[in-house]
Amino acid sequence: MSLEPIAVAALGAVLLVSALGVVLTKNLFHSVLYLALSLTATAGIFLTLAAEFLAAIQLLLYAGGVVTIVVFAIVVTERLVGVRITQTSRYLSTGVVVAGAVLVAVMSAIGSVRLPDRAPAPPVDVTRAIGQALLTRYVLPFELLGVLFLAALLGALYFARPDE
Amino acid sequence: MGLAGYLSLAAALFSIGLFGVVTRRNTIGILLGIELMLNAVNINLVAFARFNADPAGMIFAVFTISITVAEVALGLALVILIFRVRCTVVADHLDILRG
């Protein structure tokens, strides 16, 4: 008997509650803080799935990078507009219907197939396997990712250039 | 903890993100909802990789995480640019392309 099911349940509860916080709080800044919490809980879920490398990336790129960028964006737009952005929501009933329909459809699909109840024994070194696959079988998409980042960097610089 | 548990968790997270995308009026809020949805997909990818003992799913997750970060950076650059021009980040007010 391991602690894993309890850990997954606790992390899942934190994840769902903080996700609800992201979409329901009025203050946009609080939304971003809830997003940081939910991304960190996702990193914990990755740890329970024996994916340490992905948990590290999740913390570095998402919880570190994305949250910082979003906070900067909020600070910039709030400073320029001069008033606090308390965001409002609209179409609440439509949102509930659409999201509920997707949830029911996916859950019924999950319930209609037989899924394994227990995972196979964890591989010895997942990080080594990921690294070897990235530089052998998946080396072309890996290099293309570098091109994408270059394009994104140039695009962001182009958008953010000062006005002449 | 079976695979179905992880998939259900990801489905709930995806629905919450979709709810946020539909209901938020602020562009940054919509982006946060998209983040949640992409995060749910990553959980699915990693869970399938673990239960099939195949690292390919984790490599897909590496790619989606990286591309998402680039997407957020560019999306927020666009938001700030639009804000400079139009002085609003509310999606309903951005109807320049309306005929």
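Biologist: Reading along the sequence, what pattern does chain A follow?

Modeller: In this predicted model, chain A runs α-α-α-α-α-α from one end of its sequence to the other, and its secondary structure accordingly amounts to six helices and zero strands.

Biologist: How should I treat confidence, and which helix of chain B has the lowest mean pLDDT?

Modeller: Where pLDDT is low, the predicted coordinates should not be read in detail. In chain B the mean pLDDT is 86, with 98% of the residues reaching 70 or more. Among the elements of chain B, helix α3 (residues 56-86) has the lowest mean, 87, while helix α1 (residues 3-23) has the highest, 91. The model as a whole scores ipTM 0.88 and pTM 0.87.

Biologist: How many residues does each chain bring to the contact?

Modeller: The size of an interface is often given as the accessible area lost when the parts come together, but here we can count residues: 59 come from chain B and 76 from chain A. On the side of chain B that touches chain A, the elements giving two or more residues are α1, α2 (27-52) and α3 of chain B, and α3(B) gives the most, with 20 residues. Sorted by class, that side of chain B has 43 nonpolar, twelve polar and four charged residues.

Technical notes
Residues numbered from 1 in each chain as written. Chains lettered and ligands numbered in written order. Predicted model: local features only at pLDDT ≥ 70, side-chain atom pairs only at ≥ 80, totals over all residues. pLDDT = per-residue confidence, 0-100. Helix = DSSP H or I, 4+ residues; strand = E, 2+ residues; numbered from the N terminus. Contact = placed C-beta atoms within 7 Å. Nonpolar A, V, L, I, M, F, W, Y, C, P; charged D, E, K, R; others polar.
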